[in-house]
Amino acid sequence: MSEQGFETLLIHAGQQPDKETGAVVPPIHLATTYAQEQVGRHKGYEYSRSGNPTRGVLESALSALEGASAGFAFASGLAAEDAVLRFCRPGDRIVIPNDAYGGTYRLIARVHGEYGIEFAPVDLSDLDAVAAALETRTRLVWAETPTNPHLRIADIGSLSRLAHERGARLVVDNTFATPYLQRPLALGADVVVHSMTKYLGGHSDVVGGFVATNDEEAAERVGFLQNAAGAVPSPFDCYMVLRGMKTLAVRLDRQCASAASIASFLAEQPAVSEVLYPGLDSHPGHEIAKAQMSQFGAMVSFILAGGEAAALRVAAATKLFTLAESLGAVESLIEHPARMTHLSVAGSALEVDPGLIRLSVGLETLDDLLADLGAALAKA
Ligand code: P1T
């Protein structure tokens, strides 16, 4: 990995002023096809699904941020995950977290599961349980840390040792932490996946996904699938992510600080029975989070003492926190995972507490956010 600082990489990695014009931001290359001098002789681009210069800039930039030798952009986070899940063959097994984004579970259980891929949900913070779930046919250990929406923490280094002992690869969904707070490949993960829709884009205006790896065989396969299955992002979307990413560090510094204050505030509210935030000393994953993350993130979940009815009242009552799915952008969002983002895990081992509310802390003035939550909690 380059020795330059992370903020420098955010602005410059993979990006030089355009060679022809000097433009300081990458041009959005809309051409679908590229002239060839002779059959097979060209400037590196043939057809825009196979390779696009604007996408190439994003792939170089985000690979550098993750410390990866290869990276591939996809049309959504789930499209990126789908490419990695295609490493598995019928009869293979995936160890999955017992808490994860509902769409990830749906993709594994209802798409890949239908093609004979087996999966075992496990609490990834319990390493004995992970070891017990690993079988010879286990091809992947799939981790989220922090998890969506319970914000559980898994020890990436220990998981990678366990996975490698059994010949499995460790995949880490780094969407909640981003490479600014956590670099899974340096901790032993084989593959990182992202929803770029969240913190990387950062402004609720682009959907995208990414796969980063130092594993040559995995890179070969994902690169092949990116072209062969074709779930590529548009050049404009790639540009939007590049634009958003430049402010990732400054956005997250403020968002993490506000989230920590909000977590402490919630912990004192009588209407709240439990605050789930890895930055709190009381969080069971606090020490591991401290060791593997540079800050604790800007997602905060909490459980209402009054259960689901109270959670639904609070979700409907905030004014600054917009009631909406998704996360990671400049505006603060509130949602009820059991009935919104995680509806597809109902009845599974990943079921979400119906009294749980998830916050994505944005960039508004902290006092305004606290006042908004205080007023909403009065209605719990
Ligand atoms: O939405 P998409 O870009 O396809 O990304 C899917 C995805 C993958 N991984 C994690 C950890 C995620 O949180 C998501 C998407 N999550 C939401 C939309 C949400 O509100 O939780």
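These legends describe close-up views of pockets and salt bridges in a predicted model.

**View 1. The largest pocket.** The space in this pocket comes to about 640 Å³. Its lining consists of 20 residues, and D18, K19, H29, Y45 and P53 lie nearest the centre. Sorted by class, the lining has ten nonpolar, six polar and four charged residues.

**View 2. The second largest pocket.** This pocket has a volume of about 350 Å³. It is lined by 21 residues, with L78, Y101, S195, T197 and K198 nearest its centre. Helix α3 (residues 77-85) gives the most to the lining, namely three residues. Domain 1 (6-245) and domain 2 (248-377) each supply at least three lining residues. The lining divides into six nonpolar, nine polar and six charged residues.

View 3. The side chains of R55 and E59 meet at 3.4 Å, N to O. Both residues lie in helix α2 (residues 53-66), four residues apart, which is about one turn of the helix. R55 and E59 are both buried.

**View 4. The salt bridge between R93 and E135.** Here the N to O distance is 3.6 Å. R93 lies in strand β2 (residues 93-97) and E135 in the loop between α5 (127-133) and β4 (138-144), so the pair ties together parts that are 42 residues apart in sequence. R93 is buried, with a relative accessible area of 15%, whereas E135 is partly exposed at 37%.

**View 5. The salt bridge between R358 and E335.** The closest N and O atoms are 3.2 Å apart. R358 is in strand β12 (residues 356-360) and E335 in strand β11 (residues 333-335), 23 residues apart. R358 counts as buried at 2% relative accessibility, and E335 counts as buried at 1%.

Technical notes. Residues are numbered from 1 along each chain as its sequence is written. This is a predicted model: local features need pLDDT of at least 70, side-chain atom pairs count only at pLDDT 80 or more; totals for chains, interfaces and linings use all residues. Side-chain values use heavy atoms; hydrogens and water are left out. On a 1 Å grid over the protein atoms alone, a cavity is a set of points where a 1.4 Å probe fits but cannot get out, and a pocket is an open set with protein on both sides within 12 Å along at least five of seven lines; lining residues have an atom within 4 Å of a point. Grid points are joined across faces, edges and corners, and a volume is the space filled by probe spheres set on the points. Ala, Val, Leu, Ile, Met, Phe, Trp, Tyr, Cys and Pro count as nonpolar, Asp, Glu, Lys and Arg as charged, and the others, Gly among them, as polar. Helices (H or I, at least four residues) and strands (E, at least two) are DSSP runs, numbered from the N terminus. Domain bounds come from an automatic or database domain assignment. A salt bridge is a side-chain nitrogen of Lys or Arg within 4 Å of a carboxyl oxygen of Asp or Glu. Buried means under 20% relative accessible area, exposed over 50%, partly exposed in between (1.4 Å probe, protein chains only).
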